[in-house]
Amino acid sequence: KKLINVTGKIKGSIARSIRGKKGFGYDPIFIPNKFNKTFGEIYKSKKINMDHRYEAFKKLKKKAKI
């Protein structure tokens, strides 16, 4: 019954044009650092382990001691 707040972040840049059809929202324009592809071009199995939601979940798991 305790409120836990976490934030996940991923650094990257914005593409000059829409690239890729995978994902949703900003995925076709967001290029994560150290990549030359947008999230819209990266397979979900690879993206899922590096996006901001995954980072937040890792922090939440640690704080909640799950």
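Lys 11 is placed in the segment before strand E1 (12–14), where strands (E, at least two residues) and helices (H or I, at least four) are DSSP runs numbered from the N terminus. The model is a predicted one, in which local features need pLDDT of at least 70 and side-chain atom pairs count only at pLDDT 80 or more, while totals for chains, interfaces and linings use all residues. Residues are numbered from 1 along each chain as its sequence is written, and side-chain values use heavy atoms, with hydrogens and water left out.

With a relative accessibility of 67%, Lys 11 counts as exposed; here exposed means over 50% relative accessible area, buried under 20% and partly exposed in between, with a 1.4 Å probe and protein chains only. Leaving aside residues up to four places away in sequence, Lys 11 touches Phe 30, Pro 32 and Asn 33, a contact being heavy atoms within 4.5 Å. Lys 11 and Ile 31 are 20 residues apart in sequence, and their C-alpha atoms are 8.6 Å apart in space.

Ile 31 itself belongs to strand E2 and is buried, at 11% relative accessibility. Beyond residues up to four places away in sequence, the contacts of Ile 31 are Gly 12, Ser 13, Ala 15, Arg 19, Asn 36, Lys 37 and Thr 38. A further C-alpha to C-alpha separation, 9.4 Å, is found between Ile 31 and Glu 41, ten residues apart in sequence.

Thr 38 lies in the loop between strand E2 (30–32) and H1 and is buried, with a relative accessible area of 0%. Not counting residues up to four places away in sequence, Thr 38 touches Ala 15, Arg 19, Asp 27, Pro 28, Ile 29, Phe 30 and Ile 31. Asn 36 is also located in the loop between E2 and H1, but Asn 36 is exposed, with a relative accessible area of 64%. With residues up to four places away in sequence set aside, Asn 36 is in touch with Arg 19 and Ile 31. Between the C-alpha atoms of Asn 36 and Asn 49, which are 13 residues apart along the chain, the separation is 17 Å.

Lys 34, too, lies in the loop between E2 and H1, and Lys 34 is exposed at a relative accessible area of 86%. The backbone deserves a glance here: Lys 34 has a positive phi of about 70° although it is not a glycine. Most residues other than glycine have a negative phi.

Attention now turns to the aromatic side chains. Rings of Phe, Tyr and Trp (its six-membered ring) are paired if their centres lie within 6.5 Å, and planes under 30 degrees apart count as stacked, over 60 as edge-to-face and the rest as tilted. By this rule there are two aromatic pairs. The ring centres of Tyr 26 and Phe 30 are 5.9 Å apart and the planes stand at 85°, so this pair is edge-to-face. In the pair formed by Phe 30 and Phe 39, the centres are 5.4 Å apart and the planes are at 50°, so the arrangement is tilted. Together, Tyr 26, Phe 30 and Phe 39 make one aromatic cluster.

Lys 47 lies over the face of Phe 39, at 5.3 Å from the ring centre, and the charged end of Lys 22 sits over the ring of Tyr 43, 4.5 Å from its centre. For such a placement, NZ of Lys or CZ of Arg must be within 6 Å of the ring centre and within 35 degrees of the ring normal.

On a 1 Å grid over the protein atoms alone, a pocket is an open set of points where a 1.4 Å probe fits, with protein on both sides within 12 Å along at least five of seven lines, and lining residues have an atom within 4 Å of a point. Helix H1 (44–47) and helix H2 (52–64) are the elements giving two or more residues to this lining. The largest pocket holds about 200 Å³ of space, a volume being the space filled by probe spheres set on grid points joined across faces, edges and corners.
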